[in-house]
Amino acid sequence: MKILVTGAAGFIGMTTALRLLARGDEVVGLDNLNDYYDVNLKRDRLARLNERPGFRFVQMDVADRPAITALFAAEGFERVVHLAAQAGVRYSLQNPHAYVDSNLVGFVNVLEGCRHNRVNHLVYASSSSVYGGNTQMPFSVHDNVDHPVSMYAATKKANELMAHTYSHLFGLPTTGLRFFTVYGPWGRPDMALFLFTKAILEGRSIDVFNQGRMQRDFTYVDDIAEAVVRVTDRIATPDPAYAAERPDPATSSAPYRVFNIGNHQPVPLLDFITCIEDALGIRATKNFLPLQPGDVPETYADVDALSDWIGFAPATRIEDGVRRFVDWYRGYYRV
């Protein structure tokens, strides 16, 4: 198939595009290469993709309406994997306009491109952040998620609502994927695993928020990519059991679905740090701090719906995934 992957120079985007290329799909990768973090890392990810037959890169911002309109009209994509977004919970407190431009304006441009050019399935990145103030564990796609606690989370919830509208009005099949704390080789420099590894190797202390009383459902990037590809292959359909008097947030009478992608095994933050220390062979000096605004103390994914839908759920052990990241980091940065 001919598939558009937006955010192709990103962490999940690169890994997903590689998997699609490996099975013979034609992939057009789109990215604006912004400087939210090190552009050289993004360019090196792209270099890996450019080595593969069937890949073509387009530098473009999803918020550029005329450019996105022209791209969709010219290319005739069969499916779209929309991973481009302004990421990061904490940065959304400082620069909310970046989230509106990329995550809202950009998303409606992609929706319009799909609507007017006969795209037969749109798969897009949502986030575990949509669960916000929810405290019932594990987080289920069947639960209400109307209480976000960051601008980033609010834009991802809005994406799900916008997607449903297009599924309902225009019959566009859409599937939203709520990613849970993705980690692994080529990961983002603003994520805890990267920050901790870098600081420990440089002999600096690490900041441990909420006094270390945090748990995250860390999910290995290869598992994420496998699930994304499988979901892309299974086009969203209306749920025959959907009942409007008892609405299920995860399904609809329209061709619309939402799934969690998580490891279904939350890991205490201090255990996660121990895995990094073991992989590095260095003990960390910890600086314990309060919970940050916009953050949540725990995430835990119920992945039953995903497993039922595609016959797969992430299962990489945290020890294995962290070690693979550390091996990549030391090789990439020669430390």
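User: Where does lysine 157 lie, and how do I read such an element label?
Analyst: Helices (H or I, at least four residues) and strands (E, at least two) are DSSP runs, numbered from the N terminus. Lysine 157 lies in helix H6. Residues are numbered from 1 along each chain as its sequence is written, and side-chain values use heavy atoms, with hydrogens and water left out. The model is predicted, so local features need pLDDT of at least 70 and side-chain atom pairs count only at pLDDT 80 or more, while totals for chains, interfaces and linings use all residues.

User: Is lysine 157 buried or exposed?
Analyst: Buried means under 20% relative accessible area, exposed means over 50%, and partly exposed is in between (1.4 Å probe, protein chains only). Lysine 157 has 16% relative accessibility, so the residue counts as buried.

User: Which residues does lysine 157 touch?
Analyst: Contact means heavy atoms within 4.5 Å. Not counting residues up to four places away in sequence, lysine 157 touches Val130, Val145 and Asp146.

User: Which residues are closest to the centre of the second largest pocket?
Analyst: The search runs on a 1 Å grid over the protein atoms alone. A cavity is a set of points where a 1.4 Å probe fits but cannot get out; a pocket is an open set with protein on both sides within 12 Å along at least five of seven lines, and lining residues have an atom within 4 Å of a point. Grid points are joined across faces, edges and corners, and the volume is the space filled by probe spheres set on the points. Here the second largest pocket holds about 210 Å³. It is lined by 15 residues, and the closest to its centre are Lys157, Leu161, Asp248, Pro249 and Tyr256.

User: What is the make-up of that lining, and which element gives the largest share of it?
Analyst: Ala, Val, Leu, Ile, Met, Phe, Trp, Tyr, Cys and Pro count as nonpolar, Asp, Glu, Lys and Arg as charged, and the others, Gly among them, as polar. The lining of the second largest pocket divides into five nonpolar, five polar and five charged residues. Helix H6 (residues 151-170) gives the largest share, five residues.

User: How many residues are in the largest nonpolar core?
Analyst: A nonpolar core is a set of buried Ala, Val, Leu, Ile, Met, Phe, Trp, Tyr and Cys residues joined through side-chain atoms within 4.5 Å. The largest has 64 residues, and Leu49, Phe179, Phe272 and Val322 have the most contacts inside it. A second, separate core of 34 residues includes Leu30, Val110, Cys114 and Val119.

User: Which residues surround phenylalanine 179?
Analyst: Leaving aside neighbours within four places in sequence, the contacts of phenylalanine 179 include Ile12, Leu83, Ala125, Ile224, Val228 and Ile261.

User: How many disulfides are there?
Analyst: A disulfide is a pair of cysteine sulfur atoms within 2.5 Å. The structure holds zero. Cysteine 114 counts as buried because its relative accessibility is 1%, and cysteine 275 is buried at 13%.

User: Where is asparagine 260, and what does it touch?
Analyst: Asparagine 260 is in strand S11 (residues 256-261) and counts as buried at 2% relative accessibility. Among the residues it touches, not counting those up to four places away in sequence, are Tyr131, Phe139, Arg178, Phe180 and Asp302.

User: How far apart are phenylalanine 194 and valine 326?
Analyst: Phenylalanine 194 and valine 326 are 132 residues apart in sequence and 8.8 Å apart in space, C-alpha to C-alpha. Phenylalanine 194 is found in helix H7 (residues 192-201) and is buried, with a relative accessible area of 4%. Its contacts, neighbours within four places in sequence aside, include Phe325, Trp328, Tyr329 and Tyr333.

User: Which backbone values deserve a look, such as the peptide bond of methionine 137 and proline 138?
Analyst: Most residues other than glycine have a negative phi, and most peptide bonds are trans. A cis peptide bond joins methionine 137 and proline 138, with omega about -10°. Proline 138 lies in the loop between strand S5 (121-127) and H6.

User: What is phi at arginine 118 and at threonine 181?
Analyst: Phi of arginine 118 is near 55°, a positive value. Arginine 118 is found in the loop between helix H5 (96-116) and S5, and is exposed, with a relative accessible area of 72%. Phi of threonine 181 is near 35°, also positive. Threonine 181 is in the loop between strand S6 (174-179) and strand S7 (182-183), and counts as buried at 18% relative accessibility.
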